[in-house]
Amino acid sequence: HPQLLGDESRIMDILARPYPMAVSGKIKKYVFDRKEKSFTLRYSCDGSVKTPTLIYLPDEPKKILSTKKYFIKEENGARILSVYAGKGECVVKAEF
């Protein structure tokens with residue numbers, strides 16, 4: 001679109017959003033609310049997968065809410081939120 005070609009920062013704002021990279025279970029729902037600046041992922045695990053769920057975070061979150069243990073790893077400017085769900089339902093919310 002010609003109007004977007006000259007505005008590289010606007011394009012990057014559209015593309016730079018949190019998303020689930022790998023989920024150690026079945027996704028029930030995920031959403032990024034650009035207006036509220038929040039990302040929510042709800043998924044269920046049966047406990048057979050031992051690797052964490054990985055969520056890409058484009059910016060430093062102001063707050064993380066999770067029903068399970070998590071940590072953030074920063075490498076080369078990228079932030080990855082790792083969530084260890086174990087068994088049952090997990091809800092993760094990142095606020096920016």
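Visitor: Which side chain has a polar atom 3.2 Å from the backbone oxygen of P58?

Guide: The side chain of R79. The model is predicted, so local features need pLDDT of at least 70, side-chain atom pairs count only at pLDDT 80 or more, and totals for chains, interfaces and linings use all residues. Residues are numbered from 1 along each chain as its sequence is written, and side-chain values use heavy atoms, with hydrogens and water left out.

Visitor: Which side chain does R79 join in a polar contact?

Guide: That of E60, at 3.2 Å. A polar contact is a pair of N or O atoms within 3.5 Å; within protein, one must be able to donate a hydrogen and the other to accept it, and residues adjacent in sequence count only if both atoms are side-chain atoms.

Visitor: Is R79 buried or exposed?

Guide: Buried, because its relative accessible area is 13%. Buried means under 20% relative accessible area, exposed over 50%, partly exposed in between (1.4 Å probe, protein chains only).

Visitor: Where does R79 lie, and what does R79 touch?

Guide: R79 lies in strand 7. Strands (E, at least two residues) and helices (H or I, at least four) are DSSP runs, numbered from the N terminus. Leaving out residues up to four places away in sequence, R79 touches residues including I55, Y56, L57, I72 and K73. Contact means heavy atoms within 4.5 Å.

Visitor: New topic. Which residues touch the most other members of the largest nonpolar core?

Guide: Y43, I55, L57, L81, V83, C90 and V92, out of 14 residues in that core. Strands 3 (38-46), 4 (53-57), 7 (78-84) and 8 (87-95) each supply at least two residues of this core. Strand 3 gives the most, with four residues. A nonpolar core is a set of buried Ala, Val, Leu, Ile, Met, Phe, Trp, Tyr and Cys residues joined through side-chain atoms within 4.5 Å.

Visitor: What does V92 touch?

Guide: F39, T40, L41, I55, L65, S66, L81 and V83, not counting residues up to four places away in sequence.

Visitor: How many aromatic pairs does the structure hold?

Guide: Three. Rings of Phe, Tyr and Trp (its six-membered ring) pair if their centres lie within 6.5 Å; planes under 30 degrees apart count as stacked, over 60 as edge-to-face and the rest as tilted. One of the pairs is Y19 with Y56, which is tilted: 5.2 Å centre to centre, 35° between the planes. Y19 is in strand 1 and Y56 in strand 4, 37 residues apart.

Visitor: And why is the pair of F71 and Y84 stacked?

Guide: Their planes lie at 20°, with the ring centres 6.1 Å apart, so the pair is stacked. F71 lies in strand 6 and Y84 in strand 7, so the pair ties together parts 13 residues apart in sequence.

Visitor: Switching to charges. Which salt bridges does E89 form?

Guide: E89 meets K28 at 2.8 Å, N to O. E89 also bridges to R42, with the closest N and O atoms 2.9 Å apart. E89 and R42 are 47 residues apart, in strand 8 and strand 3. A salt bridge is a side-chain nitrogen of Lys or Arg within 4 Å of a carboxyl oxygen of Asp or Glu. By this rule the count comes to five.

Visitor: What about K93?

Guide: K93 pairs with E95 in a salt bridge at 3.8 Å, N to O.

Visitor: Last one: what is the average pLDDT of the chain?

Guide: 90, with 85% of the residues scoring at least 70. pLDDT is the predictor's confidence in each residue, from 0 to 100.
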